[in-house]
Amino acid sequence: IGHCQLAVDSGYWPLFRYNPELAASGNNPFQLDSRKVKGDLFKLLSAENRFASVMRRDPKHAEELDARLKNSVTEKNQLLQVLSAEDLQGQF
């Protein structure tokens, strides 16, 4: 369970709900349950063998991939924050 919590906290695995019935009543059907990204993505990835082996074999390449993944996770989180904004309610 700790590994799953780390995945959510790092933004790697966002938690959200989508209820299309809310759109019928004019409310935003998308609800983001994850908080802001606060966990360490590198710590999460180093706990998984598939990523840890890349880190051991080619640390420089692993750092590059980690930076790209952090950017991707940050962009995805920002998009999810926008989708869950309350001011979007009138658009449904």
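R68 and E64 both sit in helix α5, four residues apart, or about one turn of the helix; helices here are DSSP runs of H or I with at least four residues, strands are E runs of at least two, and both are numbered from the N terminus. This is a predicted model, where local features need pLDDT of at least 70, side-chain atom pairs count only at pLDDT 80 or more, and totals for chains, interfaces and linings use all residues. Residues are numbered from 1 along each chain as its sequence is written, and side-chain values use heavy atoms, with hydrogens and water left out.

**Salt bridges**

- A salt bridge here is a side-chain nitrogen of Lys or Arg within 4 Å of a carboxyl oxygen of Asp or Glu, and the count by that rule is four.
- R68 and E64 make one of them, at 4.0 Å from N to O.
- R68 is exposed at 54% relative accessibility, while E64 is partly exposed at 43%; buried means under 20% relative accessible area, exposed over 50%, and partly exposed in between (1.4 Å probe, protein chains only).
- R17 and D33 also pair up through their side chains, 2.9 Å from N to O.
- R17 is in strand β1 (residues 16–18) and D33 is in the loop between β2 and α3, so this pair ties together parts 16 residues apart in sequence.
- Both partners are partly exposed, R17 with a relative accessible area of 48% and D33 with 33%.
- E48 bridges to R50, with the closest N and O atoms 2.9 Å apart; E48 is buried at 18%, whereas R50 is exposed at 52%.

**Nonpolar core**

- The largest nonpolar core has eight residues: L6, A7, L41, L44, L45, M55, A62 and V73.
- "Core" here means a set of buried Ala, Val, Leu, Ile, Met, Phe, Trp, Tyr and Cys residues joined through side-chain atoms within 4.5 Å.
- α1 (2–9), α3 (41–46) and α5 (59–83) each put in at least two residues of this core, and α3 has the largest share with three.
- Leaving aside residues up to four places away in sequence, A62 touches V54 and M55, a contact being heavy atoms within 4.5 Å.

**Helix α1 and what follows**

- L6, A7, V8 and D9 are the buried residues to look at in α1, and α3 is among the elements that cover the buried residues there.
- Just after α1, G11 takes a positive phi of about 90 degrees.

**N28 in its loop**

- N28 sits in the loop between α2 (20–24) and β2 (30–32), and counts as buried at 7% relative accessibility.
- A polar atom of the N28 side chain lies 3.0 Å from the backbone nitrogen of F30.
- The backbone oxygen of L83 also has a polar atom of the N28 side chain 2.7 Å away.

**Overall build**

- The protein chain has five helices and two strands, running α-β-α-β-α-α-α along the sequence.
- Its radius of gyration is 17 Å, well over the 12 Å that the globule rule gives for 92 residues, so the chain is more spread out than a compact globule; the radius is taken over C-alpha atoms, and the rule is 2.2 Å times the number of residues to the power 0.38.
- The C-alpha trace spans about 55 × 25 × 20 Å along its principal axes.
- Buried residues account for 27% of the 92 residues in the protein chain.
- Of the contacts with a separation of 6 or more, 62% are between residues 24 or more positions apart.

Definitions and conventions. Polar contact = N/O pair within 3.5 Å; in protein donor to acceptor, adjacent residues only side chain to side chain.
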